[in-house]
Amino acid sequence: MSIKEQIMKTLKDEILTLTLKPGTILSETVLSERFQISRTPLRDVLKQLSLESYIDIYPKKGNLVSFIDLESVEQIIYLRSVLEKEIMKYLSAHLVLKGVHELKEILDRQKAAIHQEDATEHFLNLDDAFHAALFRLAGREFLWNLIQQSNVHYVRYRRLHMLRQEKLEEIWTEHQRILEYMTRQETDKLDALIHHHLREDINSLYLQENFSDYIKV
């Protein structure tokens with residue numbers, strides 16, 4: 001991995017984990033000193049981060065970590081909702097026993113993660129693992145990877161909601177029900193559950209009331 005790729009990965013991780021909060025100024029001078037790199041290759045990194053919506057570059061303000069764009073979040077939610085309803089209906093008829101065991105194992109680890117010290121981060125990773133497994137088991141891994149390429153706003157949106165333990169418990173419970181409905185082939189119950197599972201938070205006031213300074217206006 002080249003130095004530019006290492007810097008890119010580090011900054012992406014810090015933005016996605018909210019170590020670098022939305023609106024944070026990324027000074028070229030500070031970054032150049034931190035990573036021991038000259039301005040020219042650093043600007044290449046910043047330009048790429050801007051193209052991928054991790055930062056916004058303003059002529060006078062400089063480089064700012066992008067604010068969470070709820071319109072982008074809603075588009076990802078819509079896409080995932082449409083795809084996952086079809087994927088879960090497909091798996092209801094095609095999920096093999098090995099796949100059931102894999103999903104159950106993820107859910108067991110997810111339940112244990114709820115009460116761990118670093119619950120949000122661990123739970124979020126397992127949440128991704130559960131949904132990624134659904135796409136893969138349905139032969140749609142390419143689509144999952146495609147979604148991840150435009151995920152910067154959605155990941156941060158999810159992370160903020162997952163700061164609440166009751167939200168983690170709700171997500172785990174719904175994952176359990178998803179697996180139950182698929183194994184019982186109760187496809188008529190999946191649409192409403194997936195709609196609630198993926199879309200409920202977009203209409204809540206939680207982010208506006210607690211993290212309004214993180215949201216794009």
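User: How do I read the contacts in this chain: what share of those between residues at least 6 apart in sequence join residues at least 24 apart?

Analyst: Note at the outset that this is a predicted model. Sort the contacts by how far apart the partners sit in sequence. Among contacts between residues at least 6 apart, 74% join residues at least 24 apart.

User: Which elements make up the chain, and in what order do they run?

Analyst: Count by type, then read from the N terminus. There are eleven helices and two strands. The order is α-α-α-β-β-α-α-α-α-α-α-α-α.

User: What does the C-alpha trace span along its principal axes? And how much of the chain counts as buried?

Analyst: The trace spans about 60 × 40 × 30 Å. Of the 217 residues, 45% count as buried.

User: Now the strands. In which sense do E1 and E2 pair?

Analyst: Start from the general idea. In a regular strand, side chains alternate between the two faces of the sheet. Here, strand E1 (residues 55–58) and strand E2 (residues 62–65) pair in the antiparallel sense over four bridges. They form a hairpin with three residues between them.

User: Which residue is the bridge partner of Asp56 in E2?

Analyst: That partner is Leu64.

User: Next, the nonpolar core. Which members of the largest one touch the most others?

Analyst: The largest nonpolar core has 45 residues, and Leu103, Leu134, Tyr157 and Met182 touch the most other members. The elements giving two or more residues to this core are helix H4 (70–94), helix H5 (97–113), H6, helix H7 (141–148), H8, H9, H10 and H11. Apart from this core lies another, of 19 residues, among them Leu20, Leu26, Phe35 and Tyr54.

User: Take Met182. Which residues is it in contact with, leaving aside neighbours within four places in sequence?

Analyst: Met182 is in contact with Met88, Leu91, Ser92, Leu95, Leu103, Leu134 and Leu190.

User: Which residues lie nearest the centre of the largest cavity?

Analyst: The lining has 13 residues, and Tyr154, Arg158, Ile171, His197 and Asp201 lie nearest the centre. The elements giving two or more residues to the lining are helix H6 (119–137), helix H8 (152–161), helix H9 (165–183) and helix H10 (190–199). By class, the lining has five nonpolar, three polar and five charged residues.

User: Which helix gives the most to that lining?

Analyst: H8 does, with four residues. As background, an α-helix has 3.6 residues a turn, so residues three or four places apart point the same way. H8 is also mostly covered, with ten of its ten residues buried. Among them are Tyr154, Tyr157 and Arg158.

User: Backbone angles next. Which residue has a positive phi of about 65° although it is not a glycine?

Analyst: That is Leu18. Leu18 lies in the loop between helix H1 (3–16) and helix H2 (28–35). Its relative accessibility is 10%, so Leu18 counts as buried.

User: And Gln36: what is its phi, and is it buried or exposed?

Analyst: Phi of Gln36 is near 55°, again a positive value in a residue other than glycine. Gln36 lies in the loop between H2 and helix H3 (39–51). At 68% relative accessibility, Gln36 counts as exposed.

User: Last, Glu117. Where is its place in the chain?

Analyst: Glu117 is in the loop between H5 and H6. Its relative accessible area is 86%, so Glu117 is exposed. Glu117 and Leu143 are 26 residues apart along the chain, and their C-alpha atoms are separated by 32 Å.

Note on methods:
Residues numbered from 1 in each chain as written. Predicted model: local features only at pLDDT ≥ 70, side-chain atom pairs only at ≥ 80, totals over all residues. Heavy atoms only, no water. 1 Å grid on protein atoms, 1.4 Å probe; cavity = no way out; pocket = protein on both sides within 12 Å on 5 of 7 lines; lining within 4 Å. Nonpolar A, V, L, I, M, F, W, Y, C, P; charged D, E, K, R; others polar. Buried < 20%, exposed > 50% of the residue type's maximum accessible area, 1.4 Å probe, protein only. Pairing = 2+ DSSP bridges. Core = buried A, V, L, I, M, F, W, Y, C linked by side-chain atoms within 4.5 Å. Contact = heavy atoms within 4.5 Å.
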